[in-house]
Amino acid sequence: MLVVEQPSDVLRQFSHGDLDAFEILFREHQGEVYGWIVRIVRDPAAAEDLTLETFWRIHRAHARFDPARSFGAWARRIATNVALDYLKSSRPEMDLPDDLVSPALPDPAVTEELRRTTARAFTRLPAKLRIAATLALIEDRPYQEIAEALGISVSAVKVRVFRAVRFLRDELKRQGIEP
Amino acid sequence: MTEREQERMQQLLKRTVRPVADHAYAESRHDLWPGMLRRLEAKPAAVPWFDWVLAGGVAMWLLFSPKAIPLLLYYL
């Protein structure tokens, strides 16, 4: 993911609460933050709201920002927390938007029923496991990047991915499907 | 669970849930700054009184049952 860094004076002005500096940072990072959130929550409308919530939290926390550090990494960390809060509060069995479910391909190994059951099991994953599984297994993001965004170690990310896969396997088995 | 099983599950997931990077949703086409300005201008919502009561109740509960703290942390 592209990380654009600002001149230090913009970051310093932002940390002092300057609204113009905040707007520069907002416009520069809006796309990156939205892209990160939509990968996690998989709902474009919710992702726009959560992008605003992320920048709202960023604005409130401006005094705690260290201008010597990466704004992009800080923003992504906050965005991840916002997305996690959203997943925790959303209905666990809410279906994925149809256009984010893979189109039916002529793949004899994957039936329509299997795809639907897997998608439903995926939405039942606990939020912390779902984020790790989404970013690592579906979006193919590097473990290091996921670890930084979640504020945990790479090993902890691997454990969450492992637990997510085990959860999905058990859910499918409960439905009588051997993955 | 073996590494092979994990790979198989990953393949199944990828065939089930489309990566956002492949989709037009990967980028927002809207300028969100006007919405941000509206949000900045709005006064922060006041915390309802029952939230304070709830927070006080939880604090009292944890004070008298410190063993419940790990349980609470687990579910947060």
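How many residues of domain 1 of chain A are in contact with domain 2 of chain A, and how many of domain 2 take part? In this predicted model, 10 residues of domain 1 of chain A are in contact with 11 residues of domain 2 of chain A. Chain A has 8 helices and 0 strands. Two helix pairs are described below: α4(A) with α6(A), and α5(A) with α1 of chain B.

**Chain A overall**
- The elements of chain A, read from the N terminus, run α-α-α-α-α-α-α-α.
- Chain A has 179 residues, of which 34% are buried.
- Of the contacts in chain A between residues at least 6 apart in sequence, 67% join residues at least 24 apart.

**Domains of chain A**
- Domain 1 of chain A spans 8-89, and domain 2 spans 101-174.
- Between the C-alpha centres of the two domains of chain A the distance is 25 Å.
- On the side of domain 1 of chain A that touches domain 2 of chain A, α2 (19-41) and α4 (71-89) each supply at least two residues.
- The most is given by α4(A), with 8 residues on that side of domain 1.
- That side of domain 1 of chain A divides by class into 5 nonpolar, 1 polar and 4 charged residues.

**α4(A) with α6(A)**
- Helix α6 of chain A covers residues 127-138, and α4(A) packs with α6(A) at an angle of about 125 degrees, the axes being 9 Å apart.
- Because of this angle, α4(A) is oblique to α6(A).
- The two helices, α4(A) and α6(A), have a right-handed crossing.
- From α4(A), the contact takes A83(A), L84(A), L87(A) and K88(A); from α6(A), A127(A), K128(A), R130(A) and I131(A).
- By class, the contact of α4(A) with α6(A) has 5 nonpolar residues, no polar ones and 3 charged ones.

**α5(A) with α1(B)**
- Helix α5 of chain A (residues 112-123) packs with helix α1 of chain B (residues 3-16), their axes lying 9 Å apart at an angle of about 100 degrees.
- At that angle α5(A) is therefore roughly perpendicular to α1(B).
- On the α5(A) side the residues are R115(A), T118(A), A119(A) and F122(A), and these meet L12(B), L13(B), R15(B) and T16(B) in α1(B).
- The contact of α5(A) with α1(B) comprises 4 nonpolar, 2 polar and 2 charged residues.

Terms used: Residues numbered from 1 in each chain as written. Chains lettered and ligands numbered in written order. Predicted model: local features only at pLDDT ≥ 70, side-chain atom pairs only at ≥ 80, totals over all residues. Domains from an automatic or database assignment. Contact = placed C-beta atoms within 7 Å. Helix = DSSP H or I, 4+ residues; strand = E, 2+ residues; numbered from the N terminus. Nonpolar A, V, L, I, M, F, W, Y, C, P; charged D, E, K, R; others polar. Axes fitted to C-alpha atoms, helices over the stretch in contact; angles between N-to-C directions. Parallel < 35°, antiparallel > 145°, perpendicular 65-115°, else oblique. Buried ≥ 20, exposed ≤ 12 C-beta atoms within 10 Å, placed from the backbone. Left-handed = near helix turned anticlockwise from the far one by under 90°.
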